[in-house]
There are 2 protein chains.
Amino acid sequence: MISLDFSNLTKIKAAHGLTTKALQATPAQIGRHLKKISNRKQGFYTVIDDAAKVKKINAFADSVAGKYTDIVILGIGGSALGAICLKQSLKHLFENELKDLSPAPRLHILDNIDPALISDFEDLVDSTKTLFIVITKSGTTPETLAQYSYYSHKIYQKKLYPRDHFVFITELKNNPLRQIAREENITCFSIPENVGGRFSVMTAVGLLPAKLIGIDIEKLLLGAREMRDRFLSTDITLNLPYQLALAQYQLAKKGKKINVLMPYSQKLIRFADWYRQLLAESIGKQGIGITPVNALGVTDQHSQSQLYNEGPNDKLLMFINVENLGPCMPIPTMIKKPANFFPEGLTFNRLMHTEMEGTITALTKNNRPNITINVPEVDEFFLGQLLMLFMGATAFLGEFFKINAYNQPGVELSKVITKELLQKY
Amino acid sequence: MISLDFSNLTKIKAAHGLTTKALQATPAQIGRHLKKISNRKQGFYTVIDDAAKVKKINAFADSVAGKYTDIVILGIGGSALGAICLKQSLKHLFENELKDLSPAPRLHILDNIDPALISDFEDLVDSTKTLFIVITKSGTTPETLAQYSYYSHKIYQKKLYPRDHFVFITELKNNPLRQIAREENITCFSIPENVGGRFSVMTAVGLLPAKLIGIDIEKLLLGAREMRDRFLSTDITLNLPYQLALAQYQLAKKGKKINVLMPYSQKLIRFADWYRQLLAESIGKQGIGITPVNALGVTDQHSQSQLYNEGPNDKLLMFINVENLGPCMPIPTMIKKPANFFPEGLTFNRLMHTEMEGTITALTKNNRPNITINVPEVDEFFLGQLLMLFMGATAFLGEFFKINAYNQPGVELSKVITKELLQKY
């Protein structure tokens, strides 16, 4: 089970830390917040029980097994970040460079419209052997429809059947993408009305591509359900999402309005990207907000630690400690001098953990608030827990700040202006 | 030539913006700051004149041409971020996935010690056909020496000559890496004493790997020199680094202590990472500091824009607008309804620029301070300008804040603790 370590908050100067008491809550308090969340009628914590959806995904995956060398997601923001995170966390780190590593197709996520990207991507993928997953909840995202239009022309030009090369993921109600699906007889998976893009990793948005590249989605959902049950508990000792949100909220009130998420795990580098959207879009409104910063241990010790230790004390540092980092990799003793630079028998695993401990201890000595999320290992089960931990915490944060964590009114204006500019053109 | 557009700062409420006057400086003022910088005796703006170094790099590259399929950098922080940026900006975006794309070797940068990374990397590269570039200025960076030890054992086990598979980049004075180089007869390139890691992209640290993968380093230096000449000018209209630093500084004084760097270019995504270290480590000390945040257009419109528009008004948004995004990529009209979703003749290029304009206009309407750096295109010449623009601006920022931008005292404590922990082990 994932565990949270808040102990360093109590070890630093009171102005920057929190007492153990500040991290307590009664069942009545938690219950009131859960009631508010329940009133929002959001589906991110119930959608994980949808067995019929999993069945449909599995059936589709079986029906296309061995058919494609490549899977390409056309999607952006919440339609891309979940899949990016799942792939990075659960597959070989050089999956796409190693074409023949596994029988599973390679997954590519095209989450930009830069012509340089689209053009270079032409060299990489043979569209006759590719399945394009087009993901836009509203069915109107211009970037995604532009990409769809581009690749659908390619499929037509090659006289291939669109339904053999496209699958859509969109809301249930009628929209431009649904319309195309009907006319072209393209398979559609749906995103429930009450699950927003940034909360959609446990819907087909995340699960379909994951399944197609061989990720165990049942195990992912199992982990998520375990954390969901804790999210719904009124016992503070069980409710890890509540604990996490409370620490973030109390420290934000003390001026720690930047949250750094720094996993010590190469596999979790994109988890931090996924969370960046979740926190930024959910809580950043009405002048309120916490600015998420993503970092990676040990790498960013050599790029960000200076600022975290001696810059403005305006951050909460959230570390993810992965207990089992994978294969045991010994660091051999150096052949030539300097001999014994490292203690005999040291491993990369141990060095990684020791550097994390050194970093965290130094920050604590410098009165920098920090917490550690301990994860036994990065597999489907614990990643499911981790994703639900942060979604649940974000839901509580919204209630603490008294804001609606599920809309994004602040992006409308730029959309309207862009549309006007395009019409003028 | 790169140009800076500060006009939106004058269009927003005075509390959040700057007047044209606030961005002025007299030759005497600029001269005083240049004098202070000169007194620091730093080499980042003079090292670009070192023709002998370029000659040595070119000669080495000639001598190993065709010998390796892969180049691997063992380095972290400032020893890695420059090369990562150069590769992403100037090479094919899927270079490493396309083994046979070009005769140049593939470049990999191993900037972490996660055993999962080291282990998976084993599957990717055949060390008998690989050149490892070991980069650590002090010659003592534990992560890098651990990696070196690991790969040097592989080379020994295969009964290959170390000097055929390693090249070192380190300071001139004696240190553990120099010692190994002497004993193993390994080629060394030097990092000048007065150039710190985060300022070292124009030394062998950035230039050697760049040259080996076919980047035109003379053109890069040419662009850098053009910007350096402006950096040394006391005419504010010419001195773009001074202009940029002044805007950052004045806005930091108004509470905009987060700087978001958001290039609208997939090629520049790692440029923002490179700058993140430069700004964080140079300015983040003595309780002072600006927290850098990296973002990418248009992608992060769908993950961060909500926060930037409606969250706390505590940020300066810095956009990079690339005028020529590369090949013209038309968006074909949709075959099926919804017809005319996009105006006839629209290109990905135009859509990208229009979305940037929409984003910037909305932020301005929401009184969010923002500036735009216009770059004609992403090639060696303009990238050289861009790198020097930000290094020069950081040098001025240090003087404005009255701090030494070239040390990193705040990382020492964690290093000491880590060492102690390792010794106990």
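1. Which domains does the domain assignment of chain A give? In this predicted model, the assignment lists domain 1, made up of residues 3-40 and 232-410, and domain 2, covering residues 47-218. Taken over C-alpha atoms, the centres of these two domains of chain A are separated by 30 Å.

2. The two domains of chain A touch each other, with 18 residues of domain 1 and 16 residues of domain 2 taking part in the contact. On the side of domain 1 of chain A that touches domain 2, the elements giving two or more residues are helix H12 (269-283) and helix H15 (380-400) of chain A. H12(A) supplies the largest share of that side, with nine residues. By class, that side of domain 1 of chain A has ten nonpolar, three polar and five charged residues.

3. The contact between the chains comes next. Here 105 residues of chain B are in contact with 105 residues of chain A. Several elements of chain B give two or more residues to the side that touches chain A, among them helix H5 (115-122), helix H6 (142-157), helix H12 (269-283), strand S8 (291-294) and helix H16 (412-424). Helix H14 (348-365) of chain B also belongs to this list, and H14(B) makes the largest contribution to that side, 13 residues. The residues on the side of chain B that touches chain A comprise 49 nonpolar, 36 polar and 20 charged ones.

4. The largest nonpolar core contains 267 residues, and the residues with the most contacts inside this core are Ile133(A) and Ile133(B). For Ile133(B), leaving aside neighbours within four places in sequence, the contacts are Ile71(B), Ile73(B), Val167(B), Ile169(B), Leu208(B) and Pro209(B).

5. Ala83(A) lies in helix H4 of chain A, which spans residues 81-90. Is Ala83(A) buried or exposed? Ala83(A) is buried, because 29 other C-beta atoms lie within 10 Å, and a residue counts as buried at 20 or more.

6. Which residues does Ala83(A) touch, not counting residues up to four places away in sequence? They are Ile73(A), Ile109(A), Gly206(A), Pro209(A) and Ala210(A). A further distance concerns Ile290(A): Ala83(A) and Ile290(A) are 207 residues apart in sequence, and their C-alpha atoms are 24 Å apart in space.

Technical notes. Residues are numbered from 1 along each chain as its sequence is written. Chains are lettered from A and ligands numbered from 1 in the order in which they are written. This is a predicted model: local features need pLDDT of at least 70, side-chain atom pairs count only at pLDDT 80 or more; totals for chains, interfaces and linings use all residues. A nonpolar core is a set of buried Ala, Val, Leu, Ile, Met, Phe, Trp, Tyr and Cys residues joined through C-beta atoms within 7 Å. A residue is buried if 20 or more other C-beta atoms lie within 10 Å of its own, exposed if 12 or fewer, and partly exposed in between; C-beta atoms are placed from the backbone. Two residues are in contact if their C-beta atoms, placed from the backbone, lie within 7 Å. Helices (H or I, at least four residues) and strands (E, at least two) are DSSP runs, numbered from the N terminus. Ala, Val, Leu, Ile, Met, Phe, Trp, Tyr, Cys and Pro count as nonpolar, Asp, Glu, Lys and Arg as charged, and the others, Gly among them, as polar. Domain bounds come from an automatic or database domain assignment.
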